[in-house]
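Okay, everyone, thanks for coming. Let me put the protein up on the screen, and then we'll walk through it together.

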Amino acid sequence: MTTGVEIFIPGQAAQVHSEREQAPKVELADNKLELLAPAKNADYGIEAIRHGADAVYIGGPAYGARHTAGNSVADIARLCEYAHRYHAQVFVTFNTILLDDELEQARRLIWEVYEAGADAIIVQDLGLLELELPPIALHASTQMDNRVPAKVAFLEHVGFSQVVLARELSLSQIRAVAAETKMRLEYFIHGALCVAFSGQCYISEAYTDNRSANRGECSQQCRMPGNLKTRQGDIIASNEHMLSLKDNNQTENLEALIDAGVRSFKIEGRLKDLSYVKNVTAHYRQQLDAIMARRPEFEPASHGRCSFSFQPDPDKSFNRGKTDYFTHERQPSIADFRTPKYLGIEVGKVSHIGKDHIVVDSDTEFHNGDGLGFFAKNYEKARLSDDKLTGFRVNRADGNTLYLKEVPKDLRLGVTLYRNHDQEFEMLLSKESAERLVPVNFALADREGGLALTAFDNHGHGVTVTADFDKQQAKDIERNRDGLIKNLGKLGNTDFSLGEIDLGDAGAVFAPASVINGLRREAIEALEQARIQGYRRPTPWQRDMSARYPQRSLTYLGNVSNQKAKDFYTRHGVVSIRDAYEVRPVKGDAPLMITKHCIRYSYNMCPKEVPGLKAEPLEMELGGKPFKLVFDCHKCEMLVVG
């Protein structure tokens, strides 16, 4: 029978009862790499953690930048409880600008999610810092337009511990920011790209019945087709998606981003489906683990090792093609003007069209239920205004012969096909597809009257349980040791996998299987509790009331929408503050979007790239609305003016 339990966690004076003493690891904030995944809801967040996320970000009941992705406080509490089992974290989004009459509700909600166990809130509106907030960590949303080292340094001074950098930053710019701050730098590594600098787009607010991107209701007009012409009316492009960027994929740049100072690697997609979350999270888990295996100076920000029942492949989940954007400075092909939809992977060309089937010239293995797409009328050659991406499902695949319910009328011989739904892959992801386990080590010790079993992880948590019984010496020590190891390894449906076992002199003691199994069960239950007790939420950073904001005046681009935000900026040295566009729209010609994406560059009309080329003024029609394009060549930026 077991007679006692001793628990030790990091920071407590306790020793592991083993010949191999285990000292708690030194916690260094800058050596932990965090994989941050999106959570549409608590169930998605749990799967993200199971598939390798060190942290997840999730919308609260209100005031998140994805208006349709809100969650109850009870669900956030459920997610936190699961995440903290692996010492993973949960960040709750409050990343919109707020009106005066919303501040009190926002304050109450922040307290509620804190009490539910949330580890940090992601903030856009600095008016929140003028409220009485709980002691919760603050993360600066990318909606703050975090590009300039001086601004990032200011955010550190006023209490932020993590900053989401602008997606447009290059490696050299990230290094420049890292040199000015001790904050953890967070960077988007995968998913959809906003064409505008985050927080600097007002097209949706101006033209779609007050659906503000800064208020979580962007209408994504940038994904619509448009026309491009000179001021003289010469047509350059018709019905093209000129502002629709490809999707972000930084797979090849992860190590370079680490070396530049990034420590949190963020996947976009709080509105994406569950298979996307599973697949993309698992992919980057494998990538980061491979880097850390080569570079042991880094370690994951949470606990546990993941295994998968599928081979992760981000190309098989929703994407608009891939680009690493401006990580290596400006480059061509960051956009796909043909379509904002998920094109998929090229799988071959149509070589035969029958009454109810087609034949594809391809090396791909097709499956019943696959989804295939193509551009009608051979878009690649004609670029006609009515060319559209269309698609069909495969009823039955017999090798390269695909039987369809109805063959599309505009399908032609030689057309390129793309697979945007791999039925077999999706079926794998629809089932339980990952396991995350924390290695547990055992040390068995002979003691007067019985045995002591110590169970401990590799992070400083451990327990010792004891059992008294009528001990006997084993007749066959080798066989006895094998039996002890077998019984200690029966971890079953727990959060643990077997690490090392140290039997010491206890290997010569015969103990009934019931005694060893009882010791193991009690040790595992106690270790689970020790790990929960040992979890510590991040400590909020101190605020420097004397810090000065790097600008003396703020235009509507400062997104100041309430009196508390004005009080904050005034407190920190700003003397001229204009209302946010959402509060007081700007009259006349005003930039409604500021973007690093340059249409001149994309259409080979950049005077920097083509010597002697005259810089033509350009106009764009988007969604039936006219815009002037203004090019700030000194900053290498484009302004869309309404």
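**A first look around**

Quick housekeeping. This is a predicted model, where local features need pLDDT of at least 70 and side-chain atom pairs count only at pLDDT 80 or more, while totals for chains, interfaces and linings use all residues. Residues are numbered from 1 along each chain as its sequence is written, and side-chain values use heavy atoms, with hydrogens and water left out.

Now the build. We've got 14 helices and 34 strands; these are DSSP runs, H or I of at least four residues for helices and E of at least two for strands, numbered from the N terminus. The radius of gyration is 29 Å, close to the 26 Å that the globule rule gives for 642 residues, so the protein is as compact as a globular protein of that length. That radius is taken over C-alpha atoms, and the rule is 2.2 Å times the number of residues to the power 0.38. Along the principal axes, the C-alpha trace spans about 100 × 75 × 45 Å.

How many of the 642 residues count as buried? It's 55%, with buried meaning under 20% relative accessible area, exposed over 50%, and partly exposed in between, using a 1.4 Å probe and protein chains only.

Let's zoom in on Gln200, in the loop between β8 (184–191) and α6 (203–207). Gln200 has 6% relative accessibility, so it counts as buried. Leaving out residues up to four places away in sequence, Gln200 touches Asp145, Leu557, Asn559, Leu592, Met593 and Ile594, where a contact means heavy atoms within 4.5 Å.

On to the rings. A search of the whole structure turns up 17 aromatic pairs. Rings of Phe, Tyr and Trp (its six-membered ring) pair if their centres lie within 6.5 Å; planes under 30 degrees apart are stacked, over 60 edge-to-face, and the rest tilted. Take Tyr202 and Tyr581: their centres are 5.5 Å apart and their planes at 35 degrees, so that pair is tilted. Tyr202 sits in the loop between β8 and α6, Tyr581 in the loop between β30 (576–577) and β31 (591–595), 379 residues apart. Tyr202 is buried at 0% relative accessibility, and Tyr581 is buried at 7%.

Last one: Phe154, Tyr549, Phe568 and Tyr569 form one aromatic cluster.
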